[in-house]
Amino acid sequence: QVNHWSSVPVRFAAVAMAPKAAAKVEKKIEKPDRDAFDKEMAQYQTDIEALQKKQQELTKKIEGRMGGKEEFQRKKDEFTSRMDELQEKIGALMAQKDTIFNEIKTTQNKGKDMKSELNNMKKSLGFNSVQEIDDAIADIEYKMWTETLTLKKEKEYIAQISQLRKRKPEFTVYANKEAEVQSFDTSGVGQMRASAAELTEKINALRDERRKVKEGRDKLVEERRAKQGDMPELFDEREGISKQLGAKIRERNAKRDEFYTAQREFNAKLQEEKAARWEKQKVERDVKNAEWEKSKLERQAEDGDEDLPFQDEINLVSQVMTYCKSLVKSEEKKEEKKTDTKFEVPEGSEMLVKKKDDDSLRVVVKGQKAKKGKAPEAAGKKKETGKFKHQLETLHLFGSVKLDPPLTADEIPALLEKLEGKLTELKTKQEDATKDLREKREEAKKKLAEAAANVEAAKKKLDSHVKAEKAKPAEEE
């Protein structure tokens with residue numbers, strides 16, 4: 001049998017043989033391995049320390065070869081300082097020489113400008129002398145005397161004579177300018193050139209001296225290099241180690257940055273998932289709160305037969321009033337041998353009417369069987385008159401309504417009046433509370449629709465959150 005997978009690379013064969021169900025794998029950021037990172041950093045540190053140790057050994061070796069470095073550096077600095085001093089003097093002399101040449105050039109340019117100005121003035125005069133102007137005037141005057149002239153022509157001659165006479169003072173200015181040019185002293189140029197030549201000789205001498213000093217420094221450097229021998233190779237080797245050390249440090253830093261970046265991404269992913277859980281829990285709480293609010297409003301809006309407010313207090317006052325009235329009746333029936341016996345009826349109990357020819361009353365508590373009790377005064381016994389005697393339950397009953405039990409029949413009317421006042425007050429409170437209850441019920445009915453909408457909105461938000469959670473793994477694939 002032929003194995004068709006024998007020629008398929010391993011990495012592709014694994015994918016091809018994997019079931020289709022495993023085709024979709026959720027992309028998950030794995031937590032960076034801190035132990036592996038610490039081991040890798042420790043190895044980098046070991047390599048770096050080894051290179052640093054080798055570099056230090058080469059440095060010591062180089063320093064051993066570089067004995068007398070301080071003396072060499074001192075002499076080299078002396079040569080350099082002397083060269084700088086000579087160069088400074090050369091610069092000062094060059095500045096003086098440049099100043100002299102600038103003065104020579106300024107003087108020569110001034111003489112040239114004066115001669116050029118004199119030539120331009122001579123050209124503008126048109127005559128060589130004042131005599132030539134006088135001769136021209138004489139010629140014009142002769143024509144005026146000998147020729148027959150029109151008035152216009154005569155005026156032209158007169159204007160020409162006037163212009164010629166105005167030109168005469170210009171010859172005086174010209175003569176003065178010519179004398180100034182002729183008297184201009186250029187002898188200082190020769191002296192300045194001589195000074196510049198002396199400065200050139202000094203500059204050349206300083207340059208020769210500086211060149212000799214430089215030769216001495218170069219000789220010192222060559223002797224130092226010859227003494228060091230293979231120092232350049234040691235320097236190259238140390239430079240190579242420095243490059244390796246820098247590359248190793250950069251590689252370590254890159255790995256460290258990569259690890260911390262992965263750690264930050266992992267922590268960010270955890271925070272994102274945590275925030276998503278918190279958001280989901282918040283949405284679920286919102287749904288529960290909205291449903292609870294809706295249920296509360298539904299209970300408030302129900303028109304049920306709930307207990308009326310202050311009803312227990314009203315029943316209690318009514319029982320006390322009934323008891324007081326029974327005492328009044330018992331006083332009115334003193335002459336009778338048999339007196340009806342009144343029992344205190346605790347809250348939540350029912351009193352049964354006694355049967356004919358039976359001296360006992362039955363008090364039935366809800367949820368219990370009736371118990372038979374004897375009257376405190378047996379039938380046929382002589383009843384005491386004057387103050388009332390009350391049982392412990394009766395005293396407790398009066399204490400509940402915050403009133404003292406009557407000791408005589410005379411106190412009963414005032415007591416009944418107080419009880420009537422309490423009963424009226426409680427019924428007024430009951431009516432107000434019932435009215436407030438109705439208003440709250442109507443308000444709850446109005447808010448019920450809004451609460452139902454809030455429930456639906458919260459559920460939709462929860463559904464959207466759940467769908468987003470389900471869709472997220474598919475996006476990460």
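**View 1. Helices α8 and α9 lie oblique to each other in this predicted model**. Their axes cross at roughly 130° and come within 10 Å, so the pair counts as oblique (under 35 degrees is roughly parallel, over 145 roughly antiparallel, 65 to 115 roughly perpendicular, the rest oblique). Axes are lines fitted to C-alpha atoms over the stretch in contact, with angles from 0 to 180 degrees between N-to-C directions. Helix α8 spans residues 311-332 and helix α9 residues 392-400. Helices are DSSP runs (H or I, at least four residues), numbered from the N terminus. Residues are numbered from 1 along each chain. Local features need pLDDT of at least 70, side-chain atom pairs 80 or more, and side-chain values use heavy atoms.

**View 2. The contact between α8 and α9**. From α8 come Leu316, Gln319, Val320, Tyr323 and Cys324; from α9 come Thr394, Leu397, Phe398 and Ser400. Contact means heavy atoms within 4.5 Å.

**View 3. The largest nonpolar core has 18 residues**. Such a core joins buried Ala, Val, Leu, Ile, Met, Phe, Trp, Tyr and Cys residues through side-chain atoms within 4.5 Å; buried means under 20% relative accessible area (1.4 Å probe, protein chains only). Val317, Val320, Cys324 and Leu419 have the most contacts inside this core. Helices α8, α9 and α10 (412-476) each supply at least two of its residues. Helix α8 gives the most, with seven.

**View 4. Val320 and its partners**. Leaving aside neighbours within four places in sequence, Val320 is in contact with Leu397, Phe398, Val401 and Leu419.

Conventions: Buried means under 20% relative accessible area, exposed over 50%, partly exposed in between (1.4 Å probe, protein chains only).
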